[in-house]
Amino acid sequence: MNCPKCQANMAKVTFQSVEVDRCEGCKGLWFDLLEHEDLKELKGADTAVDTGGAERGKEMDAVRKVDCPHCHTGMISLHIPDQPHIVVEQCTICNGVFMDAGEFRDFSHLTPVEFLRGLFS
């Protein structure tokens, strides 16, 4: 499988029992249906899986028109509800999610303001 952003090879990475794909180029992450939610609950998954630099992730975040590496259809950009500063790409067919380098680490940790915003929304 190739990265939807930079077209480099995606390598399998396993943390505990969850397997995801990490780009060997830009270090973006591909999550099959709800894998990002499963990994978020596992202590240490953020730094073990998301090894890319946030600066590189911000560069790649500008690339928005991408195709799903599984379905090869156009993906849509979505804001994470409790963390609207994080924009991910999601496939409308298989519901897989692509996060740029650094986004999963950010997604894994709610700030106090984000936590409170989630309680009242």
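Predicted model: local features only at pLDDT ≥ 70, side-chain atom pairs only at ≥ 80, totals over all residues.
**Entry 1: E35**

I then looked up where E35 belongs, and found it in helix α1, which covers residues 35–40. Leaving aside residues up to four places away in sequence, I listed V18, E19, V20 and W30 as the residues that E35 touches. I also checked E35 against V97, and wrote down that they are 62 residues apart in sequence but 8.7 Å apart in space, taken from C-alpha to C-alpha.

**Entry 2: aromatic rings**

Next I looked for aromatic pairs, and found that the structure holds two. I reminded myself that such a pair is described by the distance of the centres and the angle of the planes. For F31 and F104, the ring centres are 5.3 Å apart and the planes stand at 40 degrees, so I recorded this pair as tilted. Which parts of the chain does this pair tie together? F31 lies in strand β3 (residues 29–31) and F104 in helix α4 (residues 103–107), so the pair joins parts that are 73 residues apart in sequence. I looked up the accessibility of both residues: F31 counts as buried at 0%, and F104 is likewise buried, with a relative accessible area of 0%.

The other pair is F104 with F107, whose ring centres lie 6.1 Å apart with planes at 40 degrees, so I called this pair tilted as well. F104 and F107 are three residues apart in helix α4, which means that about one helical turn separates them. F107 is buried too, with a relative accessible area of 2%. Putting the pairs together, I noted that F31, F104 and F107 are linked by ring pairs into a cluster. I then asked what sits over the ring of F107, and found the charged end of K40 there, 4.2 Å from the ring centre.

**Entry 3: helix α3**

Last, I turned to helix α3 (residues 54–61), where I found G57, M60 and D61 to be buried. Why do I say that these buried residues line one face of the helix? Seen down the axis of α3, they fall within an arc of 105 degrees, so they line one face. On the face turned away from this buried side I found the exposed residues E55, K58 and E59. I also looked up what covers the buried residues of α3, and noted that the cover includes β5 (83–91) and α4.

Conventions. Residues numbered from 1 in each chain as written. Heavy atoms only, no water. Phe/Tyr/Trp six-rings, centres within 6.5 Å; stacked < 30°, edge-to-face > 60°. Helix = DSSP H or I, 4+ residues; strand = E, 2+ residues; numbered from the N terminus. Buried < 20%, exposed > 50% of the residue type's maximum accessible area, 1.4 Å probe, protein only. Lys NZ or Arg CZ within 6 Å of the ring centre and 35° of its normal. Contact = heavy atoms within 4.5 Å. Arc of directions from axis to C-beta.
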